[in-house]
Amino acid sequence: TTNGMDGVLTALLLVLLLCGALASESGLDTGATSVQVVGTASFVSFLVATTIPLARTLWWRLKPDPWYEYFICHHKAAAAAQARYLKVLLQARTNRRIFIDADNLITLGNLFDIVKCQVGHLLVYLTRETLSRPWCIGEVVSAFAVKRVGVTAIKTPGFRAPSEDELQNLACFVDLNNCNLSEYGIHLSMVRVALSRLFSDQTRWVSLDPLTELRGSNRLVTVVDALLGVHGRSSDRLQVPSPGSVVVSSDDADDEALAAGGILLAKIRLAAVGILPSSISCLADSAGDDLERLAKAVVEARCVIVILSVGTLSSIPQLVAITELMEAQNRSDMLTPSAGRGSTGMGVTTSMSSMTAISSLTITRTTETSCPQPVSIPLNLPDFVFPGPEYFERTLPRVWPGDAKEASCLLQDFFRTITVRFQTNLSDDILETQAKEVASRIPRTFAFSSSLASLQPARLFRRASMQELCGMSDSTSAAPMGATE
């Protein structure tokens with residue numbers, strides 16, 4: 001590379017000297033004027049050809065385009081959805097460009113240059129392994145190398161600061177197996193200085209620890225409030241969904257699942273604007289820990305989108321939502337046989353609780369063309385593993401406080417529905433395509449008949465006390481915001 005640059009500069013110098021010689025007085029009478037004109041024109045062309053690129057480079061350095069107000073530095077394996085939801089919230093509130101690497105797949109060298117030249121503020125989203133990732137720590141070093149780039153650390157409960165021994169032995173702390181930072185001009189001594197500045201009083205910190213009592217997506221919304229200096233904006237007040245709403249069920253103890261729900265809601269609202277008259281809400285925000293309220297919202301919903309994450313199969317609220325959803329579909333099929341769900345490809349499993357609920361009602365046919373049952377749309381995240389026979393035989397009886405056989409039938413019926421993949425670790429264009437697929441499966445019309453309105457939640461969870469359920473939910477759920485690694 002060095003020899004090549006030397007050759008290019010030598011060639012340019014020779015061209016410059018040749019043009020200058022042609023433009024000077026030659027001392028010859030014949031054709032001297034013509035030679036001088038050609039030389040002058042060549043010299044001017046050379047100056048223009050070299051000056052314009054230099055001017056553009058200088059302009060890009062002084063005023064780069066595109067310019068990103070925030071750059072979200074994060075460990076993709078632990079916080080891909082959280083980083084993207086943070087981007088969605090910040091863009092909606094500031095109307096500025098926000099950078100995350102999933103939308104801009106470029107080399108590490110260019111990534112570090114963007115931090116130095118095209119970013120106003122670096123947000124370091126600290127999960128357990130963020131600072132041990134070479135690209136993350138490289139971004140931190142690059143930000144501190146430029147005075148005009150602000151740095152804010154967002155500390156999650158799962159984050160653990162490096163110990164003194166780890167700071168002294170950075171070659172082992174930073175995972176350099178697949179990346180050599182020295183190739184990009186970043187050495188371990190620079191990493192040590194950057195970490196020292198990151199943990200100093202000069203760097204602003206926003207902690208999620210005091211916010212763990214907030215429900216659902218409000219936790220990350222409050223972080224955005226703190227970043228923007230807004231106080232008292234976020235509210236933890238429950239918004240009860242109205243009948244016919246579209247509701248989203250996610251594990252309220254899993255940050256990635258909650259963030260995925262927030263991303264999905266934002267994109268569905270854009271994809272279905274003017275098409276869906278009903279409201280769209282997340283059960284973690286609207287029902288909280290109230291399983292009665294959750295079950296009622298599911299039964300009265302137009303559509304229930306179930307986000308399947310790593311903790312779904314041990315989350316009591318999500319298991320309640322799924323079983324109530326399937327019970328409502330079974331009873332809806334029996335009340336309105338003309339509106340069956342053959343198009344979903346699911347079998348019908350009628351439990352004793354649904355038969356008891358229906359026996360007290362007068363079964364009447366409905367002339368409504370739309371299907372009145374809650375439509376189920378399973379949405380699986382990259383970390384979700386579908387249950388096998390061992391889960392239904394061993395794990396579910398330990399998790400579910402009621403009749404495990406009854407719940408097992410309903411869950412297996414639910415998993416016969418084709419799921420939609422929601423890959424939060426990929427680009428925004430892919431997520432928009434997947435969100436449009438979800439929106440296309442939401443019924444455009446909904447008729448909540450009087451006979452269906454008289455149905456109440458099956459309340460399979462009533463077989464155990466509410467205190468027992470809440471205790472099991474706490475013990476089986478994942479860690480709070482940011483701790484899912």
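**Close-up views of aromatic pairs and a helix contact**

**View 1. Phe384, Phe386, Phe414 and Phe415 make up one aromatic cluster.** The model is predicted: local features need pLDDT of at least 70, side-chain atom pairs count only at pLDDT 80 or more, and totals for chains, interfaces and linings use all residues. Residues are numbered from 1 along each chain as its sequence is written, and side-chain values use heavy atoms, with hydrogens and water left out. Rings of Phe, Tyr and Trp (its six-membered ring) pair if their centres lie within 6.5 Å; planes under 30 degrees apart are stacked, over 60 edge-to-face and the rest tilted.

**View 2. Phenylalanine 71 and phenylalanine 99 form a stacked aromatic pair.** The ring centres are 4.6 Å apart, with 10 degrees between the planes. Phenylalanine 71 lies in strand E1 (residues 68–73) and phenylalanine 99 in strand E2 (residues 98–99), 28 residues apart; helices (H or I, at least four residues) and strands (E, at least two) are DSSP runs, numbered from the N terminus. Both phenylalanine 71 and phenylalanine 99 are buried (under 20% relative accessible area; exposed is over 50%, partly exposed in between; 1.4 Å probe, protein chains only).

**View 3. Phenylalanine 112 and tyrosine 184 form an edge-to-face pair.** Their ring centres are 5.8 Å apart and their planes are at 85 degrees. Phenylalanine 112 belongs to helix H4 (residues 108–117), and tyrosine 184 to the loop between helix H7 (170–173) and helix H8 (188–198). Phenylalanine 112 is buried at 3% relative accessibility, whereas tyrosine 184 is partly exposed at 34%.
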